[in-house]
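Please view the sequence and the structure before reading on.

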Amino acid sequence: MMYHSGIFYPEDKEELSKLVGKVEKEEAHRFFILPHMRLDAIAGLYRKAFSMIPDGRRIIAILPLHREPLEKDEGKIIFTSPDKIVETPLGSVRIESLGASDASSYEEEEYSLELLYPFVAAAAPNATLCPVFVRLGGAEDSKKLERFLKPYDDGRSIFIVSSNMTARMDGAEAERDRMIGLIEGGEHLIDLWRKGRISACGAPAIECLSRIGGGRWRLIGVGEDERLAGHAAFYME
């Protein structure tokens, strides 16, 4: 099921194909941060990231929830989508569950997952996409996520955190650039996030991946429309 077609990305096959463009493969990397917003303003960042993602891998997408979990999920922080095949205008995407609580209820609210579909279908058609929706409250939750993800750090998995650099705000570009500096500098993000000094929605998940990967984040680029929030993409060396 695709809930956000025609809103955050084109539903027309030809228009979507032009937006995805041709992905030329480059040196491979395994850890990425990608933003979420209208795909036309960040497609170049996704194209560059997917040029570094080999086909046939397990792609684990870590997707922050922007609202509290449902009452039935009280106390849970990790949710995974069930096994299924999603048909997109550019081809099929194979979804595989990693065995946590069912994330189906959150796919309709969170569009970040669907931004990955056209690039997986076009640039990594033999990959398996494993969505992991998370609601992290701080350092302990980040460590729980790390324990959940660590077994998949086997050399065959690609990890992507979907996160913007800022919340919606005035002066987003300056705050975006400050956040970029913190990530590139390897700063600990969770305390800053907990104290409200940064507003990146995926900060605890980014810190989790930083511990798992152990490398340095390198900037891919920034978004094309920064009027309401700040957006940037990274790969880990």
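## Overall form

A compact globule of 237 residues would have a radius of gyration near 18 Å, and the chain, with 16 Å, agrees with this. The radius is taken over C-alpha atoms, and the globule rule is 2.2 Å times the number of residues to the power 0.38. Along the principal axes, the C-alpha trace spans about 45 × 40 × 35 Å.

The model is predicted: local features need pLDDT of at least 70, side-chain atom pairs count only at pLDDT 80 or more, and totals for chains, interfaces and linings use all residues. Residues are numbered from 1 along each chain as its sequence is written, and side-chain values use heavy atoms, with hydrogens and water left out.

## Secondary structure and contacts

The chain contains eight helices and ten strands. These elements are DSSP runs numbered from the N terminus: helices are H or I with at least four residues, and strands are E with at least two.

Contact means heavy atoms within 4.5 Å. Among the contacts with a separation of 6 or more, 73% are between residues 24 or more positions apart.

## Surface and charge

Of the 237 residues, 53% count as buried; this means under 20% relative accessible area, while exposed means over 50% and partly exposed lies in between (1.4 Å probe, protein chains only). The accessible surface of the chain comes to about 10,700 Å², and carbon and sulfur atoms hold 46% of this area. Such areas come from the Shrake-Rupley method with a 1.4 Å probe; for residues, only the protein chains shown count as cover.

The chain has 31 positive and 39 negative charges, whose mean positions are 4 Å apart. Lys and Arg count as positive and Asp and Glu as negative, without His and the chain ends. Each charge is placed at NZ of Lys, CZ of Arg, CG of Asp or CD of Glu.

## Aromatic pairs

The structure holds six aromatic pairs. Rings of Phe, Tyr and Trp (its six-membered ring) pair if their centres lie within 6.5 Å; planes under 30 degrees apart are stacked, over 60 edge-to-face, and the rest tilted. Phe31 and Phe159 form a stacked pair, 5.2 Å centre to centre with 5° between the planes. Phe31 belongs to strand β1 (residues 31-34) and Phe159 to strand β8 (residues 157-162), so this pair ties together parts 128 residues apart in sequence. Phe31 is buried at 4% relative accessibility, and Phe159 is buried at 0%.

Phe148 and Tyr152 form a tilted pair, 6.4 Å centre to centre with 55° between the planes. Phe148 is buried at 19%, whereas Tyr152 is partly exposed at 21%. Tyr46, Phe50 and Phe119 form one aromatic cluster.
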